[in-house]
Amino acid sequence: MSSNIMLIGLDNGNKCTKNHVGFVCESGFTKSDVEPITKSNLLVYKGDFYTIGSSRLSVQTDKTINDNTFILSLPAIADEIYKQGIQGEIKGFLGVGLPIVHYGKMKHKFREYFIRDNIKFSFNGSDYAINIVDCRVYPQGYAAFINIYKDYKNVSAANVIDIGGYTTDFFIVENGIINTASCYSLPNGVITLFGSIQQELLKMNINLTEKQIQDIILGREPVLFDADIGKMIEMKAEEYVENLLTKILEYGFEFRNPTIIVGGGGMMLRKYIESSDKIKYIENLDQFANAKGYKILLEQELRR
């Protein structure tokens with residue numbers, strides 16, 4: 001394969017955008033027509049300036065309705081090119097994903113959205129040029145599972161739960177193969193948890209960002225707020241996890257089987273999931289598992 005050909009796994013979440021080599025940013029930007037004072041996280045594209053990760057954009061079920069998702073993909077692409085140290089024009093192949101319930105209906109539209117020629121931009125002060133010659137779309141959650149397929153190919157049944165920003169996808173794999181009749185998606189990602197906590201805080205005239213709430217859930221106590229605020233947020237997180245697991249049980253899932261937790265939401269809520277008495281055996285995958293899986297599936301598909 002030519003040194004200027006790149007295969008990139010890209011996870012375009014409503015909360016975070018990630019690539020397969022560890023890049024992550026909040027799925028948001030601030031746009032300006034004048035150059036900001038710092039080049040840190042600065043994307044320059046088509047004459048406009050985008051400060052990446054400054055704030056999360058609103059949730060988009062159909063990410064092709066505007067250029068926001070594409071713009072947020074460029075820093076993740078730049079990160080991979082930078083880490084590879086490749087100079088000159090890149091011929092890029094992307095592996096991306098969609099929630100399972102949207103996969104069949106939207107995969108062709110999502111693929112076409114990314115295929116573009118003559119893309120020139122700069123990020124963090126470095127210039128990049130890439131032609132995206134092809135893009136393949138895969139079901140999120142199952143792509144993450146591909147990372148550990150070999151460990152489960154002889155296991156009769158295992159649950160996979162992908163807790164993302166906007167959706168929670170879950171399904172059963174049988175001897176490593178997805179049971180398509182068991183695929184479900186709920187609009188209960190962690191963004192809904194943040195929203196419910198912010199509503200409670202507003203009753204006390206307290207306004208916290210999602211990042212501050214996330215830090216408290218992760219045990220990074222802020223110094224500005226009293227312990228009762230932290231306890232309330234932890235109670236809401238615990239309640240969210242228990243309600244989510246109860247809903248999944250209602251779909252006929254058996255938590256005595258192994259359960260694989262995927263997604264940034266799953267990582268954030270790990271201690272609450274592990275402390276629940278509903279699930280008997282848990283394996284946690286990191287927040288980059290979907291992007292890594294897209295890359296693996298892309299490589300397999302292009303080798304055929």
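Which residue in S9 is the bridge partner of Gly95? The partner of Gly95 is Arg136, and their bridge belongs to a set of nine that join strand S7 (residues 90-98) to strand S9 (residues 126-139), two strands that run parallel. Strands (E, at least two residues) and helices (H or I, at least four) are DSSP runs numbered from the N terminus, and two strands pair if DSSP finds at least two bridges between them. This is a predicted model, in which local features need pLDDT of at least 70 and side-chain atom pairs count only at pLDDT 80 or more, while totals for chains, interfaces and linings use all residues. Residues are numbered from 1 along each chain as its sequence is written, and side-chain values use heavy atoms, with hydrogens and water left out.

Turning to the whole sheet, nine strands form an open sheet of mixed pairing, in the order S3-S2-S1-S7-S9-S8-S5-S6-S4. Its edge strands are S3 (24-26) and S4 (29-32), each of which pairs on one side only, and the twist averages 30° from one strand to the next. Helix H2 (residues 100-114) packs on this sheet, touching S1 (5-12), S7, S8 (116-123) and S9, and its direction makes about 150° with that of S9. Contact here means heavy atoms within 4.5 Å; axes are lines fitted to C-alpha atoms, for helices over the stretch in contact, and angles run from 0 to 180 degrees between N-to-C directions.

Now consider the rings. Rings of Phe, Tyr and Trp (its six-membered ring) pair if their centres lie within 6.5 Å, and planes under 30 degrees apart count as stacked, over 60 as edge-to-face and the rest as tilted. By this rule the count comes to 16 aromatic pairs. Why is the pair of Tyr113 and Phe114 edge-to-face? Their ring centres are 5.1 Å apart and their planes stand at 85°, so the pair falls in that class. Tyr113 is buried, with a relative accessible area of 9%, and Phe114, at 0%, also counts as buried; buried means under 20% relative accessible area, exposed over 50% and partly exposed in between, with a 1.4 Å probe and protein chains only.

Ring pairs also link Tyr45, Phe70, Phe110, Tyr113 and Phe114 into a cluster. Arg116 lies over the face of Phe70, at 3.7 Å from the ring centre, and over the face of Tyr113, at 5.1 Å; a charge sits over a ring if NZ of Lys or CZ of Arg is within 6 Å of the ring centre and within 35 degrees of the ring normal.
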